[in-house]
Amino acid sequence: MAQMEKVAQTCGDGCCAPPPLVLPARPKVDRTPLIREAFRLEWLTIGWMVVEAVVALASGIAAGSLVLVAFGLDSVIELISAGVLVWRLSIELRNGEAFSENAERIASRIGGALLFALAAYVVVAAGWNLWWRLGEEFSLPGLIVTLAAIPVMRYLARRKLDLAEKLGSRALRADAIEAITCGWLSFVAVVSLTAQALFGFWWIDSVGSLAIVWLLVKEGSEAWTGECCAACA
């Protein structure tokens with residue numbers, strides 16, 4: 001009985017309290033393989049965007065299609081964005097993560113400014129065409145390239161978003177959002193071109209191009225301010 005009282009007294013002093021829970025340190029992520037995968041995605045983006053921009057712009061200009069021209073210009077913006085991302089990733093590979101922050105901000109703002117410029121162009125051109133009742137011709141090459149762009153952009157966007165989260169990269173996430181917008185642009189262009197072929201409405205191209213302006217402004221604002229990437233910081 002005396003021994004039990006002694007044990008109870010000792011435990012009351014705190015010796016029997018469970019030890020504090022110590023969580024294991026979170027392992028540091030090896031960024032090099034992730035950056036190399038991001039490089040591969042950006043070079044794939046560059047290759048596809050060259051094809052997409054050439055076909056969309058050539059067919060859009062030939063047919064007088066604003067939605068195709070806007071789609072082609074967005075492809076040029078994505079091409080520039082991919083080039084900027086290659087530069088940003090190269091800086092980190094050479095100098096380390098701490099040196100890439102300034103390149104990150106520059107890359108995001110370049111993409112945002114380009115998207116604002118494209119949105120302004122679409123508004124002015126669509127307003128001009130609607131005012132003067134300018135129509136367009138159907139473009140089969142334009143329809144083919146916009147159809148092909150939908151699955152390609154879906155794949156690129158998903159992979160870039162995943163890598164952006166792992167790397168904590170605002171610029172890469174902004175680039176992924178541009179791929180998402182390009183996919184929506186593709187969808188709008190497909191709907192516009194199909195409706196044009198079926199019904200021949202002269203105004204469908206301009207209205208279809210105006211439908212994407214809010215996407216361009218939203219994406220440009222997020223890329224400029226970095227708000228879309230707050231979760232990655």
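## Salt bridges

The predicted model has five salt bridges, each a side-chain nitrogen of Lys or Arg within 4 Å of a carboxyl oxygen of Asp or Glu. One of them pairs Glu42 with Lys160, with the closest N and O atoms 3.6 Å apart. Glu42 sits in helix α2 and Lys160 in helix α5, so the pair ties together parts 118 residues apart in sequence. Helices here are DSSP runs (H or I, at least four residues), numbered from the N terminus.

Lys160 also meets Asp175 in a salt bridge (2.6 Å, N to O). Asp175 belongs to helix α6, 15 residues from Lys160. Lys160 counts as buried because its relative accessibility is 0%. Asp175 is buried too, with a relative accessible area of 0%. Buried means under 20% relative accessible area, exposed over 50%, and partly exposed in between (1.4 Å probe, protein chains only).

Asp162 and Lys166 form a salt bridge, the closest N and O atoms being 3.2 Å apart. Both lie in helix α5, four residues apart, about one turn of the helix. Shared partners join Glu37, Arg159, Asp162 and Lys166 into one network. Asp162 is partly exposed at 24%; Lys166 is partly exposed at 46%.

## An exposed leucine

Leu198 lies in helix α6. At 63% relative accessibility, Leu198 counts as exposed.

## Basis

Residues are numbered from 1 along each chain as its sequence is written, and side-chain values use heavy atoms, without hydrogens and water. In this predicted model, local features need pLDDT of at least 70 and side-chain atom pairs count only at pLDDT 80 or more, while totals for chains, interfaces and linings use all residues.

Key
Helices (H or I, at least four residues) and strands (E, at least two) are DSSP runs, numbered from the N terminus.
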